[in-house]
Amino acid sequence: LVKIRASQINGCGFCLDMHTKDAAQAGETSVRLNLVAAWREATVFTEAERAALELAEQGTRIADGGGVTDEAWANAAKHYDDDELTSLVAQIAVINAFNRLNVILQQPAGDYQPGRFG
């Protein structure tokens, strides 16, 4: 979900195509996939997922106002242990890097086949 949300914010169609199709193949519902952009108003996400999505948004929108707040970090830490937080932060950083690469290289969206990259 965090890869999808960061890719939405960054406007990376290729990553959105890939991660939504892979998530659907892994069993994620279309309702949840369609509501990622409106996660604050949606009732289909757990508190842990909301904390991860907030961390992903703040970690993605660093130019918009100062990065991740202490409140967002503390909320994520309530739901994830140190290893899980490390993994979450790494995933947020990596998807932001791939989003930027794909946007710069103008990778087209729409032709991705689920599981193509593993």
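This is a predicted model: local features need pLDDT of at least 70, side-chain atom pairs count only at pLDDT 80 or more; totals for chains, interfaces and linings use all residues.
Two packed helices are described by the angle between their axes and the distance between the axes. For α4 and α5, which spans residues 70-79, the axes cross at roughly 145 degrees and come within 9 Å. The crossing of α4 with α5 is left-handed.

Helix α4 also packs against helix α1. Here α1 covers residues 2-10 and α4 covers residues 47-60. The angle between the two helices is about 35 degrees, and their axes lie 9 Å apart. The crossing of α1 and α4 is right-handed, whereas that of α4 and α5 is left-handed. On the α1 side, the contact is made by Val 2, Arg 5, Ala 6, Ile 9 and Asn 10. These residues meet Ala 52, Leu 53, Ala 56, Glu 57 and Thr 60 on the α4 side. Sorted by class, the contact of α1 with α4 contains 6 nonpolar, 2 polar and 2 charged residues.

The largest pocket was examined next. The space within the largest pocket amounts to about 200 Å³. Its lining is made up of 13 residues. Of these, Cys 15, Met 18, His 19, Ile 95 and Phe 98 lie nearest the centre of the pocket. Helices α2 (13-25) and α6 (82-104) each supply at least two residues of the lining. The largest share of the lining, 6 residues, comes from α6. In terms of class, the lining of the largest pocket divides into 9 nonpolar residues, 3 polar residues and 1 charged residue.

Gln 106 is not a glycine, yet its phi is positive, at about 55 degrees. The relative accessible area of Gln 106 is 67%. Since residues with over 50% relative accessible area count as exposed, Gln 106 is classed as exposed.

Terms used. Residues are numbered from 1 along each chain as its sequence is written. Side-chain values use heavy atoms; hydrogens and water are left out. Axes are lines fitted to C-alpha atoms, for helices over the stretch in contact, and angles run from 0 to 180 degrees between N-to-C directions. Helices (H or I, at least four residues) and strands (E, at least two) are DSSP runs, numbered from the N terminus. A crossing is left-handed if the near helix is turned anticlockwise from the far one by less than a right angle, and right-handed if clockwise. Contact means heavy atoms within 4.5 Å. Ala, Val, Leu, Ile, Met, Phe, Trp, Tyr, Cys and Pro count as nonpolar, Asp, Glu, Lys and Arg as charged, and the others, Gly among them, as polar. On a 1 Å grid over the protein atoms alone, a cavity is a set of points where a 1.4 Å probe fits but cannot get out, and a pocket is an open set with protein on both sides within 12 Å along at least five of seven lines; lining residues have an atom within 4 Å of a point. Grid points are joined across faces, edges and corners, and a volume is the space filled by probe spheres set on the points. Buried means under 20% relative accessible area, exposed over 50%, partly exposed in between (1.4 Å probe, protein chains only).
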